[in-house]
Amino acid sequence: MIGGFHGKILKVDLSTGTIKTLELSEEMAKSFVGGSGLAAALLYDILTRDLDPLSPDSPLLFITGPFTGSKVPSSSRYAICAKSPLTGLWGESTAGGHFPASLKLSGYDGILFVGRSSKPVYLFVHNGEAEIKDASDLWGLTTYETQEAIRDELGRDVKVASIGPAGENMVKFAAVINDEGKAAGRTGMGAVMGSKNLKAVAVYGNMEPPIADPKTFSELLPKAIAEIESNPTTHMSRLYGTLDYVAAGMSYGDVPTKYYQDSIFPAYKLNGKALREKYYVKPIACTGCPIACGKEIEFGKYGLEKADTLEYETAAAFGPLCGIDDLDALIYINYLCNAYGMDTISAGASVAFAMNAYEKGKLTKEKLGGLEAKWGDKDVAIELVHMIANRKSIGEILAEGTKVAASKLGIEDGEVAVVKGLEIPMHDPRAFSMQALTYATSTRGACHMRPDYFTVEIGQEIPELGIRQTDRFASNPEKVESFIKFQNVREVYDSLILCKFSANSLTTISKFYSAITGVKVEPKEFNVLGERIYNIKRSINLRLGMRKEDEKLPKIILRSIKRGGTQGNVPNIEEMLRHYYAMRKIDPVTGKPMKEKLEELGLLKQAKDLWG
């Protein structure tokens with residue numbers, strides 16, 4: 001096995017209580033890197049169109065990469081992958097914190113869950129050993145309470161990832177929460193855990209995977225840290241976290257307001273500076289990360305002494321998108337979503353969807369359980385969060401996701417802000433045209449991180465691949481070509497696994513990969529590795545029922561906003577997709593990667609399955 005891997009996946013059958021070890025092939029590790037790329041290769045044959053994501057037959061995979069558990073800065077991350085109960089397509093979510101490194105150091109590269117336990121359980125993995133433990137007393141607890149109870153039982157060094165009541169109730173966008181408030185949020189992986197009666201995963205260990213070239217690795221570390229410290233974004237992240245983007249994003253017109261229909265809002269009330277002026281904020285870092293973009297707030301409101309800080313997506317989803325400018329309320333809502341275990345992007349979009357439907361007469365006070373869902377009403381937003389997590393009243397419908405909710409309420413598809421069933425995040429494609437292409441072609445639906453091309457437009461260039469900042473409204477072929485390279489590289493990030501806030505150059509990252517694994521890789525080769533990973537995920541989606549027609553944006557996100565930083569721009573998604581399909585060698589009629597392209601990438605099985 002190459003360096004960076006134990007070469008072992010733990011397989012846990014929750015129906016029978018059987019635990020065994022699966023050998024991981026070296027060829028698969030080389031071809032798909034690790035993380036979500038490796039997960040796609042491992043799950044490819046199991047994920048089928050007729051598989052119910054919430055059935056015992058549905059697999060759930062916790063997976064790490066070759067960087068996880070090492071001293072590479074910003075690399076304590078893991079992925080959770082399954083068929084998404086929200087979209088019916090490829091489900092994938094990643095999170096940082098201390099849990100990911102501990103998972104790798106427990107002696108395994110990943111954990112594959114199948115089956116369904118007859119009662120609530122959690123898994124404890126420690127230094128190559130694993131046991132299923134009773135979680136009956138934990139069922140119904142919040143994620144914070146669950147983590148605390150398990151660490152009280154097993155020891156304070158144990159790290160825990162758990163679901164809360166939202167996962168138990170199989171809310172379709174339930175999250176998995178670790179290290180208090182770190183969320184693997186999108187696509188409903190918490191609901192899959194809940195369907196299996198799996199309350200938590202607890203990990204501990206000191207089993208480091210081998211490093212192929214420890215001397216070179218050690219020499220790289222101080223240089224990599226110096227590279228991070230010299231980057232100005234590091235200090236902004238350390239000071240304000242992602243919340244710093246609220247004001248900057250508003251200047252671009254990139255902060256959706258009132259359910260994606262406006263872009264003007266008093267951002268100064270919610271940005272990182274406002275947070276620091278109002279509260280004492282303590283920096284929190286994931287294992288081995290010098291950036292420390294996480295924060296803990298001394299709160300003292302809503303009965304809470306402390307709270308996890310607001311991230312940009314959460315602040316924008318429950319703030320401008322819902323018309324709420326009360327910072328105290330937003331911090332509390334974030335706490336509730338973390339405690340219940342819910343994706344704040346989908347949850348915030350669901351609340352904004354309800355407010356928009358109420359304004360337009362599609363949702364009445366009676367259907368809302370007596371609520372008047374007016375824009376900016378923080379108390380209504382709080383109550384809707386409770387309703388969704390517990391599937392009470394209108395929450396029963398909203399817990400299915402806004403695509404299903406819209407159908408049940410008689411709202412046409414074009415007026416609900418989803419792509420491939422996943423709620424659109426808090427970055428507006430009218431502000432950065434390539435975000436339109438991101439949402440249309442992302443392998444998990446409307447995802448702002450696969451890739452986060454808007455970061456290129458504000459200066460995060462990759463010169464090794466010729467990815468440069470240009471006109472943010474452009475959609476020419478050169479721009480699409482640059483986008484594809486970036487999309488490929490970001491697939492590799494989610495496979496190494498490396499935080500996308502890493503300030504290391506692609507050259508440094510490739511040197512780390514070569515030193516850890518012993519597989520020599522140049523920066524440009526990451527483009528090919530990422531292309532293979534993207535195409536196997538796309539192949540999975542096509543087998544699960546995705547159509548080329550699904551790669552479109554709803555009308556509500558394509559209407560011109562005459563005021564604010566979008567400058568009236570509307571991205572030409574049809575033109576961009578024509579360039580995209582041609583450059584990626586995707587059949588423009590079926591959306592399938594051409595057989596020759598799949599074979600060129602070594603995806604021979606996928607070529608046969610899609611083309612015969």
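Predicted model: local features only at pLDDT ≥ 70, side-chain atom pairs only at ≥ 80, totals over all residues.
**Asn197**

I started with Asn197, which counts as buried at 17% relative accessibility (buried is under 20% relative accessible area, exposed over 50%, partly exposed in between, with a 1.4 Å probe and protein chains only). I found Asn197 in the loop between helix 6 (189-195) and strand 12 (198-204). Helices (H or I, at least four residues) and strands (E, at least two) are DSSP runs, numbered from the N terminus. Next I listed what Asn197 touches, leaving out residues up to four places away in sequence: Arg116, Ser117, Ser118, Lys119, Pro120, Val121 and Trp139. Contact means heavy atoms within 4.5 Å.

**Ground rules**

Residues are numbered from 1 along each chain as its sequence is written, and side-chain values use heavy atoms, with hydrogens and water left out.

**Whole protein**

I looked up the secondary structure and got 24 helices and 17 strands. The C-alpha trace spans about 60 × 55 × 50 Å along its principal axes. For 612 residues, a compact globule would have a radius of gyration near 25 Å, and the protein's 22 Å agrees with that. That radius is taken over C-alpha atoms, and the globule rule is 2.2 Å times the number of residues to the power 0.38. Of the 612 residues, 64% are buried. I also checked contacts with a separation of 6 or more: 70% of them come from residues 24 or more positions apart.

**Pro165**

Pro165 sits in helix 5 (residues 165-168). Buried or exposed? Pro165 counts as buried, because its relative accessibility is 9%. Skipping neighbours within four places in sequence, I have Pro165 in contact with Gly140, Leu141, Thr142, Ala339, Tyr340 and Ala389.

**Asn356**

Asn356 is in helix 13 (residues 344-359). At 6% relative accessibility, Asn356 is buried as well. Which residues does Asn356 contact, leaving aside neighbours within four places in sequence? I got Tyr259, Gln261, Trp375 and Ile556.

**Cysteines**

How many disulfides does the structure hold? I found 0 disulfides, a disulfide being a pair of cysteine sulfur atoms within 2.5 Å. Cys337 is in no disulfide, and its nearest cysteine sulfur, on Cys322, is 10 Å away. Cys337 is buried, with a relative accessible area of 0%. Cys447 is in no disulfide either; the nearest cysteine sulfur there belongs to Cys81, 12 Å away. I read a relative accessible area of 0% for Cys447, so Cys447 is buried.

**Cavity**

On a 1 Å grid over the protein atoms alone, a cavity is a set of points where a 1.4 Å probe fits but cannot get out, and lining residues have an atom within 4 Å of a point. The largest cavity has about 30 Å³ of space, where grid points are joined across faces, edges and corners and the volume is the space filled by probe spheres set on the points. Its lining is Lys182, Ile284, Ala285, Cys286, Cys289, Ala292, Cys293 and Gly294. I sorted those lining residues into 6 nonpolar, 1 polar and 1 charged.

Notes: 1 Å grid on protein atoms, 1.4 Å probe; cavity = no way out; pocket = protein on both sides within 12 Å on 5 of 7 lines; lining within 4 Å. Nonpolar A, V, L, I, M, F, W, Y, C, P; charged D, E, K, R; others polar.
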